[in-house]
Amino acid sequence: MTTFAPTISEQTFPNISSKVRDVFLIVAGSLLIAALAQIEIPLPFTPVPITGQTFGVLLIGAALGSKRGVAALLLYFVEGAFGLPFFAGGASGVGILTGATAGYLVGFVVAAYVVGLLAERGLERSVRTSIIPFFVGTIIIYACGVAWLAIVLGGLGKAIMAGVLPFLVGDAIKLIAAALVLPAAWKLVK
């Protein structure tokens, strides 16, 4: 089963090769995540800001599928590492990839892959089932982020207080929004 973005690109541009469409989708995915990263609310008690990235990661994974989703995330990291102001709040550089939020960034890649796999099985097409891939993706992001943050902050309890609890409500909203957006988009395509 194919995911949303390749389906739309094939219908819209049937005469363009699938490789060119894939490159376009991957670049567009990396740019969407970069744009959503600019939505940033720093919190004074944690090195982890509130951003739109998690919403982007969930959507990109589901819309592009596992392989293209991972490729979009890896391209996003390369773009930011090489100096484009693509990371949260316009930051850039390799230091972001090894700093306090590095675990979340790793979680983004794993989550995009897993959400993509679940979307390839059609779980993102119905409001009834779409919450599953997005919930799983969110849990993966938290697990990877908190594991690294526990090392940085010197304890699991501190990492949960700084890297999970302040974000639960916002991430629940992002998860629900993603679970509503893709099924609605599929209905428009049909």
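Q: Which residues of α1 are buried?
A: This is a predicted model, in which local features need pLDDT of at least 70 and side-chain atom pairs count only at pLDDT 80 or more, while totals for chains, interfaces and linings use all residues. Residues are numbered from 1 along each chain as its sequence is written, and side-chain values use heavy atoms, with hydrogens and water left out. Helices (H or I, at least four residues) and strands (E, at least two) are DSSP runs numbered from the N terminus. If buried means under 20% relative accessible area, exposed over 50% and partly exposed in between (1.4 Å probe, protein chains only), then the buried residues of α1 are F4, A5, P6, T7 and S9.

Q: Which helices are included in what covers the buried residues of α1?
A: Covering is judged here by contact, meaning heavy atoms within 4.5 Å. By that criterion, what lies over the buried residues of α1 includes α2, α3, α4 and α9.

Q: How is α1 oriented relative to α9: roughly parallel or roughly antiparallel?
A: Axes are lines fitted to C-alpha atoms, for helices over the stretch in contact, and angles run from 0 to 180 degrees between N-to-C directions. On this basis α1 and α9 pack at about 25°, with axes 11 Å apart. Angles under 35 degrees count as roughly parallel, over 145 as roughly antiparallel, 65 to 115 as roughly perpendicular and the rest as oblique, and α1 relative to α9 is therefore roughly parallel.

Q: How many nonpolar residues does the contact of α1 with α9 have?
A: Ala, Val, Leu, Ile, Met, Phe, Trp, Tyr, Cys and Pro count as nonpolar, Asp, Glu, Lys and Arg as charged, and the others, Gly among them, as polar. Under this scheme the contact of α1 with α9 has no charged residues and two polar ones, and its nonpolar residues number six.

Q: Why are α2 and α3 described as roughly antiparallel?
A: The crossing of α2 (residues 18-37) with α3 (residues 53-64) is right-handed, and their axes are 8 Å apart. The two helices are roughly antiparallel because the angle at which they pack is about 165°.

Q: Which residues of α3 meet α2?
A: From α2, the residues that take part are L25, G29, L32, I33, L36 and A37. They meet α3 at Q53, F55, G56, V57, I60 and L64.

Q: At what angle do α3 and α6 pack?
A: Q53, T54, V57, L58, G61 and A62 in α3 meet L105, F108, A111, A112, V115, G116 and A119 in α6, a contact with nine nonpolar, four polar and no charged residues. The crossing is right-handed, and with axes 7 Å apart, α3 and α6 pack at an angle of about 35°.

Q: Which residues touch the most other members of the largest nonpolar core?
A: A nonpolar core is a set of buried Ala, Val, Leu, Ile, Met, Phe, Trp, Tyr and Cys residues joined through side-chain atoms within 4.5 Å. Of the 50 residues in the largest one, those that touch the most other members are V57, L73, Y76, F77, F134 and L182.

Q: Which residues is L73 in contact with, leaving aside its neighbours within four places in sequence?
A: L73 is one of the core residues that touch the most other members. Leaving aside those neighbours, L73 is in contact with I33, V57, I60, F108, V109 and A112.

Q: How far apart in space are I26 and A72, C-alpha to C-alpha?
A: I26 lies in α2 and counts as buried because its relative accessibility is 18%. Not counting residues up to four places away in sequence, I26 touches R68, A71, A72 and L75. Although I26 and A72 are 46 residues apart in sequence, their C-alpha atoms are apart by 4.6 Å.

Q: Is L59 buried or exposed?
A: L59 is placed in helix α3, where, not counting residues up to four places away in sequence, it touches L64, A178, V181 and L182. Because its relative accessibility is 14%, L59 counts as buried.

Q: Is I39 buried or exposed?
A: I39 is found in the loop between α2 and β1, and it touches I50, T51 and G52, not counting residues up to four places away in sequence. Because its relative accessibility is 51%, I39 counts as exposed.

Technical notes. Left-handed = near helix turned anticlockwise from the far one by under 90°.
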